[in-house]
Amino acid sequence: MTRVVIVGAGFAGLSAMEELQGIDADVTLIDKHNFATFQPLLYQVATAGLNPGDVAFPVRTMLRHHKRVTFRQGILSSVDSAANEIGLLDGSRIPYDYLVLALGATTNYFGVPGAQANCDAIYTLDEALAVRNKVFAMFEWAASHGMKDFNLTTVVVGGGATGVEMAGALAELKQRALKTDYPALDPSSARVILIEAQDRLLAAFSPSLSKYALSELQSRGVEVRLNTAVKAVHNNGVELADGELIDSKLMVWGAGVGVDSAVRSLGLAHLKNGRIEVGSDLRVVGANNIFSVGDVAGTTAADGTLLPQLAQPAIQTGKHAAGSIKALINGETTTAFKYKDKGTMATIGRRAAVAELSGGLKLTGSAAWLAWLALHLMTLLGVRNRLSVLLNWSWHYISWGRGPKVILGG
Ligand SMILES: Cc1cc2nc3c(=O)[nH]c(=O)nc-3n(C[C@H](O)[C@H](O)[C@H](O)COP(=O)(O)OP(=O)(O)OC[C@H]3O[C@@H](n4cnc5c(N)ncnc54)[C@H](O)[C@@H]3O)c2cc1C
């Protein structure tokens, strides 16, 4: 029986698994977590808008409808393409006839001194929870010690979609939570500062949408610093290129996406930025039966530029690689991948978002915000999660409150 192994249960790996449904092969899905994370909503977990369980979906629950798929929790540590087997960190070896690598990406600190050690990221559920814990630990500490003017400044580094969403949500959280739950604290001490090295926010969007995002964030009290480079990050704040130190106890790094350094050590062809090099049918360059998809893969669009590390490229490449595997199993030839750009969106806060759809249509304000809400609800995994998120969002909208403001883990 043909053995297909997929490593990574994110957008790309799960899309490949779906597409392989019904084929005459044994499929093994491997991930270091036993759940799939819906990363686009992690910033809402970090800012107490959603529960962790709302953005995580157990893989085994998904497999109830995929009888030929076996799940295995494990961490990929090696690929032996000569022997057609992979190694896991626990020492297991797993043979394959076709391998799909869908390992995702991680935070890129661009070598900024102290950034990794002193900043929080929001790439995983653990990281999002750590940010939430820190925000509320700061509030509790200041409130419990009668420190009305305690410095609650949060610095968010990076004015892309992640930074803009995080800064907007933090500003709303601080405005509302401080007023309702921590009346003893002074909201003006809870500054949110967003730092961007370029001359505009959301550089992947049109300039008019960048302008809109800037004015919406500023109207929510976010201090946006454009053309500002971070020189270093210390445990007591962020040092800018001009020498200024912004005093802060919580610094969130949303400035870049990179590939885990462990991916380079797999011995597969890779680009300078670490992404696995793939050919037009998404097979890893130099390998006959290994595919790479999603954020970890250096897939290019028709004009030769690298595809952005976003959900749609991941879903579409996962599906295409699985289609290629089906073709090869049936003795047919593979076809070249063609990306269909459906557009991008980012939210700024209550009734404010930007959307740039294929065909050039641009939306802002409530229309973009509603489109953003609908798209995220539709893309979430699992009916329970969708209902829970819908209920949480409706409740927050009506009550102006936020959700789980609890500090977990002691
Ligand atoms: C905060 C944030 C906000 C985002 N917002 C948006 C948005 O609004 N719109 C959008 O389109 N995209 C957004 N993205 C990007 C989007 O989430 C990613 O492009 C998408 O998740 C990529 O899918 P993937 O399957 O390639 O990787 P992932 O979804 O990251 O999945 C990779 C999987 O591989 C597993 N894995 C990794 N290494 C190993 C290993 N060695 N062994 C075993 N398992 C391993 C991981 O546990 C993970 O489950 C956002 C990302 C973040 C972090």
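How far does an oxygen atom of the ligand lie from an N or O atom in the side chain of His-33? The distance is 3.1 Å. The structure is a predicted model, in which local features need pLDDT of at least 70 and side-chain atom pairs count only at pLDDT 80 or more, whereas totals for chains, interfaces and linings use all residues. Residues are numbered from 1 along each chain as its sequence is written, and side-chain values use heavy atoms, with hydrogens and water left out.

View 1. Besides His-33, the side chain of Asp-31 places an N or O atom 2.6 Å from an oxygen atom of the ligand. Leu-310 contributes a backbone N or O atom, 3.2 Å from an oxygen atom of the ligand. The protein buries 89% of the 990 Å² that the ligand exposes when taken alone (Shrake-Rupley method, 1.4 Å probe).

View 2. Domain 1 comprises 2-32 + 74-105 + 259-329, and domain 2 comprises 115-257 + 343-399; the bounds come from an automatic or database domain assignment. Their C-alpha centres are 32 Å apart.

**View 3. Contact between the domains.** Six residues of domain 1 meet five residues of domain 2 (contact: heavy atoms within 4.5 Å). Between the domains, about 400 Å² is buried, 72% of it from carbon and sulfur atoms (accessible area lost on being put together, 1.4 Å probe, summed over both parts).

How values were computed
Buried area is the accessible area (1.4 Å probe) that two parts lose on being put together, summed over both. A polar contact is a pair of N or O atoms within 3.5 Å; within protein, one must be able to donate a hydrogen and the other to accept it, and residues adjacent in sequence count only if both atoms are side-chain atoms.
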